[in-house]
Amino acid sequence: MDAEIWHQHAASRAPRRPSVYGLERLGGMGLAELRRHLTVRAAWLDSWFLASPQAERMVAGLTTTVRTNATTAPGSKSIIGISAVNTAGKSTLVRRWALALYRESLGHRARQPGMPQWRPQPGLPAREIPVVWLNLQAKTGIKDLNYQMLSYFGYPVSGAIRALTTRVAQAVDQHNVKAVVVDDVHLLDMSDRHARDVLDHLKH
């Protein structure tokens with residue numbers, strides 16, 4: 001996943017509801033037509049998400065945290081962790097929330113074909129990337145986290161950890177990032193030697 005792929009996903013339209021046919025009409029379809037209809041119907045059904053009251057409360061908490069972080073001074077920020085049993089829909093829930101935040105932040109520009117631009121400083125154009133989505137690998141540490149974030153922005157990933165950390169912080173400001181989503185956060189290296197460093201790195 002990188003910023004370009006995320007933007008393409010956000011710019012895409014939800015599948016339209018397919019036509020509804022009776023058994024007689026379905027039975028009269030040729031095999032190719034029937035397959036096309038079933039493919040369209042499956043894509044439409046896959047786009048559905050039925051949020052429970054608990055899920056809606058989690059979404060409200062995510063939104064509140066992002067808005068609160070945006071108004072606080074630079075430094076440590078609040079983070080939220082969402083835990084549930086496998087197949088409960090955690091990633092689906094957060095992805096839908098993150099897409100909504102991305103579209104809300106960019107307005108009509110979220111639907112344009114190319115990456116939206118803004119000017120962090122007069123005369124300095126940059127891509128505007130309100131949401132960063134990271135898919136972690138096993139035992140991800142600070143350096144790996146930096147690599148993934150810089151790759152998401154499309155930046156070079158060579159250098160010492162301290163230099164990469166500085167580059168990440170600069171990129172977050174330059175691209176107007178509002179939320180960093182770490183999917184499968186349990187894959188972070190939280191061993192005794194690294195736990196505090198990784199946590200502090202995420203908070204800042």
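The legends below describe close-up views of a predicted model. Residues are numbered from 1 along each chain as its sequence is written, and side-chain values use heavy atoms, with hydrogens and water left out. In this predicted model, local features need pLDDT of at least 70 and side-chain atom pairs count only at pLDDT 80 or more, while totals for chains, interfaces and linings use all residues.

**View 1. The largest nonpolar core.** This core has 32 residues, and Trp6, Trp97 and Tyr102 touch the most other members. A nonpolar core is a set of buried Ala, Val, Leu, Ile, Met, Phe, Trp, Tyr and Cys residues joined through side-chain atoms within 4.5 Å; buried means under 20% relative accessible area, exposed over 50% and partly exposed in between (1.4 Å probe, protein chains only). Elements that give two or more residues to the core are α1 (3–11), α4 (53–71), α5 (90–106), β3 (131–135), α6 (142–153), α7 (161–174) and β4 (179–183). Helices (H or I, at least four residues) and strands (E, at least two) are DSSP runs, numbered from the N terminus. The largest share, seven residues, comes from α5.

**View 2. Surroundings of Trp6.** Not counting residues up to four places away in sequence, Trp6 touches Met1, Arg95, Ala98, Leu99, Tyr102, Val131, Trp133 and Tyr152. Contact means heavy atoms within 4.5 Å.

**View 3. Helix α5.** The 17 residues of α5 reach 24 Å from first C-alpha to last, close to the 24 Å expected at 1.5 Å a residue; the expected span is 1.5 Å times one less than the number of residues. Leu93, Val94, Trp97, Ala98, Leu99, Leu101, Tyr102 and Leu106 of α5 are buried. The buried residues of this helix pack against α1, α4, β3 and β4. Just after α5, Gly107 takes a positive phi of about 65°.

View 4. His37 is found in α3 and counts as buried because its relative accessibility is 11%. Beyond residues up to four places away in sequence, His37 touches Ser19, Tyr21, Leu26 and Met29. Ala42 also has its place in α3 (residues 31–46), but counts as partly exposed because its relative accessibility is 35%. The C-alpha atoms of Ala42 and Pro18, 24 residues apart along the chain, are separated by 9.5 Å.
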